[in-house]
Amino acid sequence: MPSRLRPTAPVAAQAILVGDPGRALMLAQELLERPKMSNHARGLWGYTGETPAGDDLTIQATGIGGPSAAAVLADLAQLGVHRAVRVGTCEGLGDTTRAAEILIASEAVAHGGSAAAFGVEPGEALAPDPDLLDGLRRELAGAAREARVGSFDAMPVEVVTEPGIEAADMQTVAVLARARQLGIAAAAVLIITEISGEGGRLSDEALEVEAKRAGEAAARVLSP
């Protein structure tokens, strides 16, 4: 029996992971036909149903931060998940990024903290599953670009010394590292909600539009 999730409906072998329970509900309503709540324990809302193409898909909230995401992913592995795409948010770093931009994580770089618990040293870069990465490239062609992402235990990020990192989040390293340990194929697509040092944040309405776009692409990529 999983440690944290208490499924009340079957869980699919393919899953979209989001941090926010509200976003899990929104994507379930957008992407699934007649979704059923598959988990509500600990406020980690999860939904399972069929896509319009007839494929089973689970959309599961992971909570805040890497440790929570890793724990949820371990439970999902016990429930039969073997491919997952994180659809999350991130903070843009520097003048190469803009709010509402969608980034496909080409690499996730660990920046200390809890990453060590997943067998990842500070500065180590993890790559997503190549097949999922290729699928996201195809599905989001013209609507997203690839970028290296740094994962931190605390946000916002004031200083980033690793060259080439264009965005920062709190989960992608944990998801990729724990997936590697569990034998799950995983990838991540992220929406920039703010630019470091500039103030201001993407509106909820604009974020929902981009999250739907990213979620639709992830669902197509996860189609068996």
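A crossing of two helices is right-handed if the near helix is turned clockwise from the far one by less than a right angle, and left-handed if it is turned anticlockwise. By that definition, H3 passes H5 in a right-handed crossing. The model described here is predicted. Two packed helices are described by the angle between their axes and the distance between the axes.

**Helix H5 and its partners**

- Helix H5 covers residues 204-222, 19 residues in all, and reaches 26 Å from its first C-alpha to its last, close to the 27 Å expected at 1.5 Å a residue.
- The buried residues of H5 are Leu-207, Glu-210, Ala-211, Ala-214, Gly-215, Ala-217, Ala-218, Ala-219, Val-221 and Leu-222.
- Helix H3 (residues 130-139) packs against H5 at an angle of about 130°, and the two axes are 9 Å apart. That angle makes H3 oblique to H5.
- On the H3 side, this contact is made by Leu-132, Gly-135, Leu-136 and Glu-139, while H5 contributes Ala-217, Ala-218, Arg-220, Val-221 and Leu-222. By class, the contact of H3 with H5 has six nonpolar, one polar and two charged residues.
- Helix H1 (residues 21-31) also packs with H5, at an angle of about 60° and with the axes 10 Å apart. H1 and H5 are therefore oblique to each other, and H1 passes H5 in a right-handed crossing.
- From H1, the residues Arg-23, Met-26, Leu-27, Glu-30 and Leu-31 meet Leu-207, Glu-208, Ala-211, Lys-212, Gly-215, Glu-216 and Ala-219 of H5. The contact of H1 with H5 divides into six nonpolar, one polar and five charged residues.

**Helices H2 and H4**

- The axes of helix H2 (residues 66-78) and helix H4 (residues 172-182) come within 9 Å and cross at roughly 30°. Angles under 35 degrees count as roughly parallel, and H2 and H4 are therefore roughly parallel to each other.
- H2 passes H4 in a right-handed crossing.
- Gly-66, Ala-69, Ala-70, Leu-73, Ala-74 and Ala-77 of H2 meet Ala-174, Val-175, Arg-178, Ala-179 and Leu-182 of H4. In this contact of H2 with H4 there are nine nonpolar, one polar and one charged residues.
- Within H4, the residues Thr-172, Val-173, Ala-174, Val-175, Leu-176, Ala-177 and Ala-179 are buried.

**Selected buried positions**

- Gly-65 lies in the loop between strand E4 (56-61) and H2. With a relative accessible area of 8%, Gly-65 is buried.
- Leaving aside neighbours within four places in sequence, Gly-65 is in contact with Met-170 and Gln-171. The C-alpha atoms of Gly-65 and Phe-152 are separated by 8.6 Å, although these residues are 87 residues apart along the chain.
- Gly-46 is found in strand E3 (residues 46-50) and counts as buried at 0% relative accessibility.
- Not counting residues up to four places away in sequence, Gly-46 touches Lys-36, Met-37, Ser-38, Asn-39, Ile-59 and Gln-60. Between the C-alpha atoms of Gly-46 and Ala-61, 15 residues apart along the chain, the separation is 6.0 Å.
- Ile-165 has its place in strand E9 (residues 165-169) and, at 8% relative accessibility, counts as buried. Its C-alpha atom is separated by 9.1 Å from that of Glu-107, 58 residues apart along the chain.

**Positive phi at residues other than glycine**

- Most residues other than glycine have a negative phi.
- Arg-34 has a positive phi of about 50° although it is not a glycine. Arg-34 lies in strand E2 (residues 33-39) and counts as exposed at 69% relative accessibility.
- Ala-100, which is not a glycine either, has a positive phi of about 80°. Ala-100 is placed in the loop between strand E5 (83-92) and strand E6 (102-110), and Ala-100 is buried, with a relative accessible area of 19%.

Definitions and conventions:
Residues are numbered from 1 along each chain as its sequence is written. This is a predicted model: local features need pLDDT of at least 70, side-chain atom pairs count only at pLDDT 80 or more; totals for chains, interfaces and linings use all residues. Side-chain values use heavy atoms; hydrogens and water are left out. Axes are lines fitted to C-alpha atoms, for helices over the stretch in contact, and angles run from 0 to 180 degrees between N-to-C directions. Helices (H or I, at least four residues) and strands (E, at least two) are DSSP runs, numbered from the N terminus. Angles under 35 degrees count as roughly parallel, over 145 as roughly antiparallel, 65 to 115 as roughly perpendicular and the rest as oblique. Contact means heavy atoms within 4.5 Å. Ala, Val, Leu, Ile, Met, Phe, Trp, Tyr, Cys and Pro count as nonpolar, Asp, Glu, Lys and Arg as charged, and the others, Gly among them, as polar. The expected span of a helix is 1.5 Å times one less than its number of residues. Buried means under 20% relative accessible area, exposed over 50%, partly exposed in between (1.4 Å probe, protein chains only).
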